[in-house]
Amino acid sequence: MTLNLGVALSGDSFAADDWIAQVRRADEAGIDFVTFEDTFGRHGPDAVLVASRVAPLTRHIGLIPVATTTHTEPFHLSTALATLDWVSRGRAGWQVRVSGDPAEAALLGRRAPQGQPVVAALAHGPQVWDHLDADVLFVTPADADDAARKVRKILPEKKVFADIRVGGRVPTGAATFNGTSIQLADLIQNWWIVAGVDGFRLRVSDVSDISQLVAELRRRGLFQPSGHRTLRDRLGLPVAVNRYQEAGRA
Amino acid sequence: VPKQIILAAHFPGVNNTTVWSDPRAGSQIDFDSFEYLARTAERGKFDFFFLAEGLRLREQRGLIHDLDVVGRPDTLTVLTALAAVTTHLGLAGTLNATYHEPYELARRLATLDHLSGGRAAWNVVTSPGAFFGENFRRGGFLDHADRYVRLGEFIETARKLWDSDGGEFAIRNGQFDIKGRFGVPRSPRGHPIILQAGDSGGGRELAARHSDAIFSRHHQIDDARQFYRDIKDRLPAYGRREDSLKIIPGVSYVLGDSDADAQEKAHHIRRRQVSPQTAILLLEQLWNTDLSGYDAEGPLPDIDPVLDDDDTIIKGRAGMYPDRLRTAAEWRARAEAKNLSIRDLIIEVTGRQNFIGTAARVAEQLNEYVQTDACDGFILVPHLTPAGLDDFVDQVVPLLQERGVFRTEYSGTTLRDNLGLS
């Protein structure tokens, strides 16, 4: 057994010889691997290609570039890293990085991602709603008045979904509804308009069970499929702000 | 001084023209294969090495096309590694403008250009349609009609990023709306070389406007001369000189001890390129329907092709037959007149080698093409990986050098130097 040693290279040189000299020195010293620093928008060369450039000129050392996944195509990135493994004859690694900086999203243009995944949480019990760090909360009102009460307890920027179990076959903590699709549509319309619920999560054993309900809601003009591409856009949530952004820039 | 011939080495690709059943065939993915061909090309003083891009395994009859080679590498990763084992050879590759984004691709291309000392070249293509799109975030977002808009704006955007020289940029056009700081200074010769293959009117115009070279498909000498004239005549409108855009068709060749020997070898290679299974698959690409019940050594089908170009039997290959019924009628007439089986016919109508003969004859023909303005040089597509250009470098290159139409030493270090481009 031996301990393993790695070296982090964080230069921004565009001269191949600089990189070759560094990595060869580490290779000759028996270092196990080097990592190549990179961020999506930095001044400096692409780290995967730097690793490719030194690969044929080194023999033993592992080559671990940073590659950012947020804006890159998974197909291209996975192909590039697999190819680095070929050109280095099995010495490639990958240090994963995500990009939360809106300035990096601007480099790619108008198709900015939604910032962060939407966070959804159950709020079935009597919690202090406002402290839940979620975008979407699932609640289980007993009736329209209870639904309105629960909505009032929750910060307005969060989205409140009523959990409803349709039919008796799904064991959940959600309120159970038994009745026709028309009656369920009436309930949904009432809770949406009167109680201020933002949406509904229907708990079913088979999605085809709600086809009549969806048709009825569409007929009433209450529901229509969204053309938005991100979930945040569909739900009317703002793009997430990176909580570290201000601290990082200070 | 006679025109100097441009020569490039195409790494054998995914099509059936690459013969894998030959005992000399090496790996399609091992770095040794790329290194071998690149070193061979540099030994022959070639201008550049060329690598195509694979965005998805092709499918036929709804299944993976299992006669295709599987396992294609990332273009820029291979080219950058080849910069480590070569010193003068240009490093060119196809990168799709539909499924890349300008900031990232311009950054990676500029990185290669720096790390190779000015030897990078980019063959710009677009792929509309949903089939490739399924492998990417945006899906098949690009309409066929918009492909040249995307291509032109992508090239313009990349050039602006390179010219920003590591500074701030803000670019807005129909396809892109980007801003920030481009983190790569200008490379040794400014921009990577840009190649393009577009052949329609729109594609030719874009090439005349933006490209340094065209990867052309015009092989027959008269047709090639017409294409050459057409392209060069478009250049003055953009304030460009004739010699600022090079026309380089992709070609294949077969050498023999005598012309008859070369013809025999060429026939043998074609039979290996078109196995019975390959013959049926290629016939299906015209007929657009399952022909697996037909015997490749038997006659052509008497049914007509299926005319549904929205649902083709082959997925991932550009449309080759604008008029299926007419082509099918021509093939039937040819097969009947010469009593050809399906396989014999496919051998005749696909993949014929462009230059066949002794090294002296091939050298003479190549030179005639260039001196009579059918082209400015050739991208040679060997049928074997990785040693398929050995005979050309050993036998044909010295003859071209003797004629004074091909370099005996590199005169500069960048690809622009090789191509004689400013």
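Ala, Val, Leu, Ile, Met, Phe, Trp, Tyr, Cys and Pro count here as nonpolar, Asp, Glu, Lys and Arg as charged, and the others, Gly among them, as polar. The model is predicted: local features need pLDDT of at least 70, and side-chain atom pairs count only at pLDDT 80 or more, while totals for chains, interfaces and linings use all residues. Residues are numbered from 1 along each chain as its sequence is written.

**View 1. Lining of the second largest pocket, by class.** The lining has 16 nonpolar, four polar and three charged residues. A:Phe161, A:Asp198, A:Gly199, A:Phe200 and A:Phe223 lie nearest the centre, among 23 lining residues. A pocket is an open set of points on a 1 Å grid over the protein atoms alone, where a 1.4 Å probe fits, with protein on both sides within 12 Å along at least five of seven lines; lining residues have an atom within 4 Å of a point.

**View 2. Contact of chain A and chain B.** Chain A gives 42 residues and chain B gives 48 (contact: heavy atoms within 4.5 Å). The two chains bury about 3700 Å², 57% of it on carbon and sulfur atoms (accessible area, 1.4 Å probe, lost on being put together, summed over both). On the chain A side, A:Phe14, A:Leu49 and A:His76 lose the most area, together 17% of what that side buries.

**View 3. Salt bridge of A:Asp38 and B:Arg107.** The closest N and O atoms are 2.6 Å apart.

Technical notes
Chains are lettered from A and ligands numbered from 1 in the order in which they are written. Side-chain values use heavy atoms; hydrogens and water are left out. A salt bridge is a side-chain nitrogen of Lys or Arg within 4 Å of a carboxyl oxygen of Asp or Glu.
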